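Hello,

Here is the structure we talked about. Please open it beside this email as you read.

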Protein chains: 2
Amino acid sequence: MSPVKVFGHPMSTNVARVLLCLEEVGAEYELVTVDFLAGEHSSPQHVQRNPFGKIPAFQDGELVLFESRAIAKYILRKYRTADLDLLAESSGIEESAMVDVWTEVEAQQYYPAISPVVFECIIFPVMRGAATNQIVVDESLDRLRGVLGVYEARLEKSRYLAGDSVSFADLNHFPFTFYFMATPYASLFDEFPKVKAWWEGLMARPAVQRVCKNMPTEF
Amino acid sequence: MSPVKVFGHPMSTNVARVLLCLEEVGAEYELVTVDFLAGEHSSPQHVQRNPFGKIPAFQDGELVLFESRAIAKYILRKYRTADLDLLAESSGIEESAMVDVWTEVEAQQYYPAISPVVFECIIFPVMRGAATNQIVVDESLDRLRGVLGVYEARLEKSRYLAGDSVSFADLNHFPFTFYFMATPYASLFDEFPKVKAWWEGLMARPAVQRVCKNMPTEF
């Protein structure tokens with residue numbers, strides 16, 4: 001069986017989400033580099049894989065998928081075992097609902113708060129040579145502080161976001177939090193000891209370490 | 001068995017998403033009004049249900065959920081039958097992956113393009129008395145035109161977004177498209193005949209009609 005293919009670049013947060021799922025389940029895969037800094041994601045070849053011209057795209061035999069969260073779920077279902085069900089779908093609809101709740105919290109509450117800090121402090125300066133908009137940073141940090149307060153309360157009740165086992169909901173936090181920790185504001189997490197311990201626990205996972213080593217930490 | 005409860009307001013797009021799923025599966029439910037225009041979503045009572053103080057929240061016996069997409073999936077799983085599986089999870093991982101792909105496309109490509117038009121033309125003027133920012137509207141319409149071009153190509157190949165059956169991916173487009181059709185830019189859809197027919201097909205669904213009748217159409 002030929003390995004599945006990921007089309008993208010390991011520096012991209014959306015690609016990192018997919019790679020982390022592949023590493024967590026121990027799947028064999030091939031990363032085909034699409035250099036988005038050089039505009040290769042807009043090439044006709046890549047647009048055939050993803051009509052929106054974004055990375056990543058994914059191929060498993062005849063099946064071609066795009067949208068990183070959808071790809072990630074496909075991977076977690078395909079390689080699911082009795083011991084490794086990161087969507088909790090075999091545990092019952094209440095358990096999988098908790099994974100969905102905290103996966104959506106990442107997308108709807110956490111990401112809109114943390115991502116502007118990463119964009120303003122790292123992505124825009126490095127990719128566009130733009131100055132950091134400190135007003136955006138400060139507003140986002142305030143918002144993130146509020147979100148992390150809710151997470152702290154949640155993690156006082158359960159070890160991970162969706163319950164006492166790690167799930168896709170936790171893994172989804174990796175890419176942007178990883179880059180946030182390279183901004184001057186990483187110490188915000190010190191205000192939330194349960195959140196900080198949860199993050200350190202995620203970072204210590206061997207799969208996370210394998211994905212990290214291809215992501216830049218200095219800008 | 002007592003009916004499930006939705007806490008929210010039928011005017012809210014995120015509440016409408018949940019109500020539509022309940023109507024599609026024919027579930028008995030109770031809508032408990034949380035008047036977000038009066039700030040009731042920030043009340044301690046509601047924050048106990050949703051720690052982020054947003055609507056909707058959802059209750060099924062002891063289970064309390066928040067985040068409308070997570071609630072919607074729980075409903076579609078709970079009331080799933082052999083004939084009615086709007087997540088396609090019983091069809092196989094490739095079929096459910098296509099539902100996930102187009103559900104994510106709605107969230108990541110369609111919503112960011114269509115929602116600013118609705119915010120600028122309806123929500124901000126009505127709720128905040130603010131003027132419409134025409135630059136934002138025009139940029140969003142350009143972006144939406146690009147997205148609808150991809151949809152048109154997709155709907156030339158399959159009747160619905162994820163395949164030949166209606167799915168959660170299609171339903172997710174209802175709330176914002178409904179309000180978009182009340183803006184001065186509804187005719188944009190005329191440029192995309194397959195998309196327009198798909199939308200009219202969605203609007204003709206009895207479940208959609210039942211949800212619509214509690215949503216305002218004049219502003």
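Below are notes on the domains, the core, the chain contact and the salt bridges.

First, the ground rules. This is a predicted model, in which local features need pLDDT of at least 70 and side-chain atom pairs count only at pLDDT 80 or more, while totals for chains, interfaces and linings use all residues. Residues are numbered from 1 along each chain as its sequence is written, chains are lettered from A and ligands numbered from 1 in the order in which they are written, and side-chain values use heavy atoms, with hydrogens and water left out.

**Domains**

UniProt, in an unreviewed entry, places "domain: GST N-terminal" at residues 2–83 of chain A. It also has "domain: GST C-terminal", again from an unreviewed entry, over residues 92–219 of chain A. UniProt positions are given in the numbering used here, feature names are shortened, and annotations may be inferred rather than shown by experiment.

Residues 2–83 of chain A are 37% helix and 22% strand. Their end C-alpha atoms are 24 Å apart. Residues 92–219 of chain A are 70% helix and 0% strand, with the end C-alpha atoms 44 Å apart. Helices (H or I, at least four residues) and strands (E, at least two) are DSSP runs, numbered from the N terminus.

**Core**

The largest nonpolar core has 151 residues. Such a core is a set of buried Ala, Val, Leu, Ile, Met, Phe, Trp, Tyr and Cys residues joined through side-chain atoms within 4.5 Å. Buried means under 20% relative accessible area, exposed over 50%, and partly exposed in between (1.4 Å probe, protein chains only). The residues with the most contacts inside the core are A:Trp102, A:Phe174, B:Trp102, B:Tyr151 and B:Phe174.

B:Tyr151 is worth a look. Leaving out residues up to four places away in sequence, B:Tyr151 touches A:Phe52 in the other chain, and its partners in chain B include B:Trp102, B:Tyr110, B:His173 and B:Trp198. Contact means heavy atoms within 4.5 Å.

**Where the chains meet**

Chain A brings 29 residues to the contact, and chain B brings 29 residues. The area buried between chain A and chain B is about 2,900 Å². Carbon and sulfur atoms give 66% of that area. Buried area is the accessible area (1.4 Å probe) that two parts lose on being put together, summed over both.

Between chain A and chain B there are 10 residue pairs in polar contact, both residues at pLDDT 80 or more. A polar contact is a pair of N or O atoms within 3.5 Å; within protein, one must be able to donate a hydrogen and the other to accept it, and residues adjacent in sequence count only if both atoms are side-chain atoms. On the side of chain A that touches chain B, β4 (63–66), α3 (68–78), α4 (93–128) and α5 (134–157) each supply at least two residues. α4(A) gives the most to that side, with 12 residues.

Now α3(A). 10 of its 11 residues are buried, so α3(A) is largely enclosed by the rest of the structure.

**Salt bridges**

The count is 21 salt bridges over all chains, with 4 between chain A and chain B. A salt bridge is a side-chain nitrogen of Lys or Arg within 4 Å of a carboxyl oxygen of Asp or Glu.

- A:Arg77 lies in helix α3 and A:Glu89 in the loop between α3 and α4 of chain A, so the pair ties together parts that are 12 residues apart in sequence.
- A:Arg77 is buried, at 12% relative accessible area; A:Glu89 is partly exposed, at 22%.
- A:Arg77, A:Glu89, A:Asp100, B:Arg77, B:Glu89 and B:Asp100 are linked in a network of salt bridges.
- A:Glu24 and A:Arg205 pair as well (2.8 Å, N to O). A:Glu24 lies in helix α1 (residues 13–25) and A:Arg205 in the loop between α8 (193–203) and α9 (206–212) of chain A, so the pair ties together parts that are 181 residues apart in sequence. Both residues, A:Glu24 and A:Arg205, are buried.

**One more residue**

B:Pro175 sits in helix α7 (residues 174–180) of chain B. B:Pro175 is buried, at 2% relative accessible area. Beyond its neighbours within four places in sequence, B:Pro175 contacts B:Thr13, B:Ala16 and B:Arg17.

Best wishes
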